[in-house]
Amino acid sequence: MTARLPVFPLATVLFPGLVLPLHIFEERYRALIRHLMQLPEGAPREFGVVAIRSGWEVAPAPGRVVAGNGEVTLHDVGCTAELRQVTELADGGFDIVTVGRRRFRVVQLDRQAAPYLTAEVSWLPEPTGPDEAANLLAARVIAVFRQYLGLMRPEAGQLTEQLPEDPTVLSHLVAATAALSVADRQRLLAIDDTAARLRAELTLLNREAALLRQVRAVPVPLAELATPPPGPN
């Protein structure tokens with residue numbers, strides 16, 4: 001089953017259940033928000049967020065010279081963003097709050113039908129019912145994630161007490177919260193099976209934790225490494 005969605009390219013990956021605030025200032029995306037606000041009551045006010053593979057999130061300003069053709073290319077898998085809150089600004093822009101809802105795969109992009117991108121998309125399957133393998137992996141991911149957060153932020157103990165028990169929700173939260181590259185996050189978003197996503201996250205978390213331990217082994221504080229040397233008197 002396919003559907004047609006407005007598409008918002010971003011330099012980030014959105015996951016189901018995660019909050020994404022956005023400041024809308026380009027006219028083409030202002031038009032997108034106005035379109036969503038004019039939909040009938042009860043109609044889903046959502047657009048597709050797809051991570052940029054190459055190109056620019058913001059259109060070049062008039063007269064600006066850029067390398068290449070400047071055309072944005074996108075990853076194949078994205079997540080819908082459901083509009084939850086809209087604040088219209090004096091300059092005609094918007095501050096919005098959205099929540100990730102459901103994953104999709106881009107079938108075909110259309111750059112002509114509207115001022116903004118639209119796409120034909122197919123919905124990706126989500127797990128239903130209990131999954132023993134995912135439940136077992138979730139416990140391991142929680143343990144490793146707590147260690148990882150402790151290395152990142154020693155004060156994160158209270159945060160880890162609030163981790164979700166649902167394996168799918170947990171997998172999305174870990175993917176969005178860990179300090180991963182867009183490419184790593186994109187690979188996690190594209191995985192259909194929760195257990196497979198959790199396995200991949202275990203590998204990534206162990207990798208990141210090992211790197212953090214190596215950084216902590218540096219004898220000079222990182223703040224000093226980032227401080228420029230004093231100039232001549």
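A residue is called buried when its relative accessible area is under 20%, exposed when that area is over 50%, and partly exposed in between, using a 1.4 Å probe and protein chains only. The model described here is predicted: local features need pLDDT of at least 70, side-chain atom pairs count only at pLDDT 80 or more, and totals for chains, interfaces and linings use all residues. Residues are numbered from 1 along each chain as its sequence is written, and side-chain values use heavy atoms, with hydrogens and water left out.

The protein chain contains seven helices and seven strands; helices (H or I, at least four residues) and strands (E, at least two) are DSSP runs, numbered from the N terminus. Read from the N terminus, the order of elements is β-β-α-β-β-β-β-β-α-α-α-α-α-α. The chain has 233 residues, of which 39% count as buried. Contact means heavy atoms within 4.5 Å. Of the contacts between residues at least 6 apart in sequence, 67% join residues at least 24 apart.

Helix H1 spans residues 27-37. Its buried residues are Tyr-29, Arg-30, Ala-31, Leu-32, Ile-33 and Leu-36. These buried residues pack against strands S1 (2-10), S2 (19-24), S3 (46-54), S5 (77-88) and S6 (94-110). Arg-34 also belongs to H1, but this residue is partly exposed, with a relative accessible area of 33%. Beyond its neighbours within four places in sequence, Arg-34 is in contact with Glu-27 and Phe-94. Arg-34 and Phe-94 are 60 residues apart along the chain, and their C-alpha atoms are separated by 9.6 Å.

The description now turns to the nonpolar cores. A nonpolar core is a set of buried Ala, Val, Leu, Ile, Met, Phe, Trp, Tyr and Cys residues joined through side-chain atoms within 4.5 Å. The largest one has 30 residues, and those with the most contacts inside it are Val-141, Phe-145, Tyr-148, Leu-170, Leu-198 and Leu-205. Helices H2 (132-152), H4, H5 (182-190) and H6 (194-216) each supply at least two residues of this core, and H2 gives the most, with 10 residues. Tyr-148 touches Ala-178, Ala-179, Leu-205, Glu-208, Ala-209 and Leu-212, when residues up to four places away in sequence are not counted. Apart from this core lies another, of 20 residues, among them Leu-20, Ala-31, Phe-47 and Val-49.

Helix H4 covers residues 167-177 and includes His-172. His-172 is buried, with a relative accessible area of 4%. Leaving aside neighbours within four places in sequence, His-172 is in contact with Phe-15, Pro-16, Leu-18, Arg-103 and Arg-197.
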